[in-house]
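Take a look at the fold below.

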Amino acid sequence: MNATPAIADDLIVIGKIYSIHGVRGEVKVFSFTDPVGNLLDYKTWTLKREGDVRQVELVSGRVHNGKFLVTKLKGLDDREEARLLAGFEICVPRNLFPDLTDGEYYWYQLEGLKVIDQLGQLLGKIDHLLETGSNDVMVVKPCAGSLDDRERLLPYTGQCVLNVDLAAGEMRVEWDADF
């Protein structure tokens, strides 16, 4: 494992190590990519946990039960050493992400955008997104200048999202502020 990670501001969290698997140093990983196996496309990971940052190299990995990954990291051959990696976030530089077509966005691009309704009222800023199965949901939290102090859950759908302007840091939505 290498202690020289990429620039922290350029890193995007794409998964998290949560447990060990077997006796040969494999680890179980929650993947935040869609599909979950896409995380295996990145061969060098920067691991972060509470100020501890290190780089590791992925040797192999597989999707297990369709829900999580089992991965083998270079130089990690001991079950107890692998146990110490539980809780580390898996990050990669954003410049490694594939380009998207117009109208498609990575979640990290949407986080922090001001959300403005059809009447021009500031509802808040997107704090994070949730995957619910039927559609993704934006968690919009109040911010300076927002209409009120309410947290809102808005569906990330074509019916709700009217326009995304990354340069302006805004998203226009069709949403009743009283809902």
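**Rings and domains**

Phenylalanine 30 has a relative accessible area of 40%, so this residue is partly exposed; buried means under 20%, exposed over 50%, and partly exposed in between, with a 1.4 Å probe and protein chains only. This is a predicted model: local features need pLDDT of at least 70, side-chain atom pairs count only at pLDDT 80 or more, and totals for chains, interfaces and linings use all residues. Residues are numbered from 1 along each chain as its sequence is written, and side-chain values use heavy atoms, with hydrogens and water left out.

Now the layout. The protein splits into domain 1 (11-96) and domain 2 (107-173), with bounds from an automatic or database domain assignment. Their centres, taken over C-alpha atoms, lie 30 Å apart. An unreviewed UniProt entry places "domain: Ribosome maturation factor RimM PRC barrel" at residues 107-176; such annotations may be inferred rather than shown by experiment.

Back to the rings. Rings of Phe, Tyr and Trp (its six-membered ring) pair if their centres lie within 6.5 Å; planes under 30 degrees apart are stacked, over 60 edge-to-face, the rest tilted. The count is 7 aromatic pairs. Tyrosine 18 and phenylalanine 30 are stacked, because their ring centres are 4.1 Å apart and their planes meet at 15°. Tyrosine 18 is in strand β1 (residues 11-21) and phenylalanine 30 in strand β2 (residues 26-31), 12 residues apart; strands are DSSP runs (E, at least two residues), numbered from the N terminus. Tyrosine 18 is partly exposed at 29% relative accessibility.

Tryptophan 175 and phenylalanine 179 are edge-to-face, because their centres are 5.3 Å apart and their planes at 75°. Tryptophan 175 is buried at 13%, whereas phenylalanine 179 is exposed at 64%.

How values were computed:
Helices (H or I, at least four residues) and strands (E, at least two) are DSSP runs, numbered from the N terminus.
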